[in-house]
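Biologist: Before we go through the labels attached to this model, could you show it to me? I would like each label set against the rule behind it.

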Amino acid sequence: SRVKLDKLLPPIIEVAASFANPEQTLERMLRLIETICRREAYLSLLVEHPQTLKRIASLYSASPWVSAYLTQHPILLDELLDARLLYAPPQWQELGARLATELDIAKGDQEQQMDILRHFQHTQIFRLVSQDLANQLTLETLSDHLSDLADLILAQTLRCCWASINNRHREQPAFSIIGYGKLGGKELGYASDLDIIFLYDDDHENAGELYARLAKRINTWLSTLTPAGLLYEVDLRLR
């Protein structure tokens, strides 16, 4: 790892120097290196694929928020290997089907399912911010994509949480998640929280108890900080 680190530092300095804010770019990139320096796989990725350093520097030069995000989630470095995938417009239906399959494979392991949701969300946000900084997205389109992503995450969270409820009396819950605020208006930003409420329409004698458990579990899945990070801050207060 030390040998690979020594190989990386000169090209990192060189690529940072090519941007208008070289000192800030270098400082942000060195924070990333400090984060991954004990993880040989990440160092190997950067040594073996030097083109990724240019992409990292471009993102880190443009935005301190993006640099902090990637440094916090270095697993996203893999996304920089294929520019075609990184800058491809999201196909939410296809992505949702793929996510549902991954979640089903992990059925019975709630911690793994929660991490799958987080890795998926972080990957999609990273792709969107990369496209945003490349001027591929208007503000309206970006907000639409971030809102569609939240809708997808909520739908899959609801599906998985209901499947984990014991003694449920029906296959599909008579239950809805209603978005208010920026989610309801499809105006989400990168750091927006979710203003939501829960509604159910079910005459079963145990419906109130079951859906209260479901709502609590959904909130836990969304807002718990795991080793993979956080999904969303949630605000359940009806204004």
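Modeller: Let me begin with a rule for burial: a residue counts as buried when its relative accessible area is under 20%, and as exposed when that area is over 50%, with partly exposed in between. Please keep in mind throughout that this is a predicted model.

Biologist: Then what makes C161 buried?

Modeller: The relative accessibility of C161 is 0%, and the limit for burial is under 20%, so C161 counts as buried. C160 has a relative accessibility of 5% and therefore also counts as buried.

Biologist: How do you know that C160 is in no disulfide?

Modeller: A disulfide requires a pair of cysteine sulfur atoms within 2.5 Å, whereas the cysteine sulfur nearest to that of C160 belongs to C161 and lies 7.0 Å away. For C161 the nearest cysteine sulfur is that of C160, at 7.0 Å, and C161 is likewise in no disulfide. By this rule the count comes to zero disulfides.

Biologist: Why is helix α9 called oblique to helix α11?

Modeller: Helix α9, residues 139-163, packs against helix α11, residues 207-223, at an angle of about 130°, with the axes 9 Å apart. Angles over 145 degrees would count as roughly antiparallel and those from 65 to 115 as roughly perpendicular, while the rest, apart from those under 35, are oblique; α9 is therefore oblique to α11. The crossing of these two helices is right-handed. On the α9 side the contact is made by I153, L154, T157, L158, C160, C161 and W162, and on the α11 side by Y211, L214, R217, I218, W221 and L222. Sorted by class, this contact of α9 with α11 has eleven nonpolar residues, one polar and one charged.

Biologist: What makes α1 oblique to α4?

Modeller: The axes of α1, residues 2-16, and α4, residues 51-62, come within 10 Å and cross at roughly 45°. Since angles under 35 degrees count as roughly parallel and the perpendicular range is 65 to 115, α1 is oblique to α4. Their crossing is right-handed. The residues that meet are L8, P11, I12 and V15 in α1 and L53, K54 and A57 in α4, and by class this contact of α1 with α4 has six nonpolar residues, no polar ones and one charged.

Biologist: Is H145 buried or exposed, and which residues does H145 touch?

Modeller: H145, found in helix α9, has a relative accessible area of 14% and is therefore buried, the limit being under 20%. Not counting residues up to four places away in sequence, H145 touches P90, W92, L128 and L137.

Biologist: What makes M114 buried?

Modeller: M114, which is placed in helix α8, residues 110-133, has a relative accessible area of 10%, so M114 is buried. Leaving aside residues up to four places away in sequence, M114 touches T220, W221, T224 and T226. The C-alpha atoms of M114 and T220 are separated by 9.8 Å, although these residues are 106 apart along the chain.

Biologist: Why is N135 called exposed, and K186 partly exposed?

Modeller: N135, in the loop between α8 and α9, has a relative accessible area of 71%, and exposed means over 50%, so N135 is exposed. K186, in the loop between α10 and β2, has 36%, which falls between the two limits and therefore makes K186 partly exposed. N135 has a positive phi of about 60° although it is not a glycine, and K186, also not a glycine, has a positive phi of about 55°.

Notes: Residues numbered from 1 in each chain as written. Predicted model: local features only at pLDDT ≥ 70, side-chain atom pairs only at ≥ 80, totals over all residues. Heavy atoms only, no water. Axes fitted to C-alpha atoms, helices over the stretch in contact; angles between N-to-C directions. Helix = DSSP H or I, 4+ residues; strand = E, 2+ residues; numbered from the N terminus. Left-handed = near helix turned anticlockwise from the far one by under 90°. Contact = heavy atoms within 4.5 Å. Nonpolar A, V, L, I, M, F, W, Y, C, P; charged D, E, K, R; others polar. Buried < 20%, exposed > 50% of the residue type's maximum accessible area, 1.4 Å probe, protein only.
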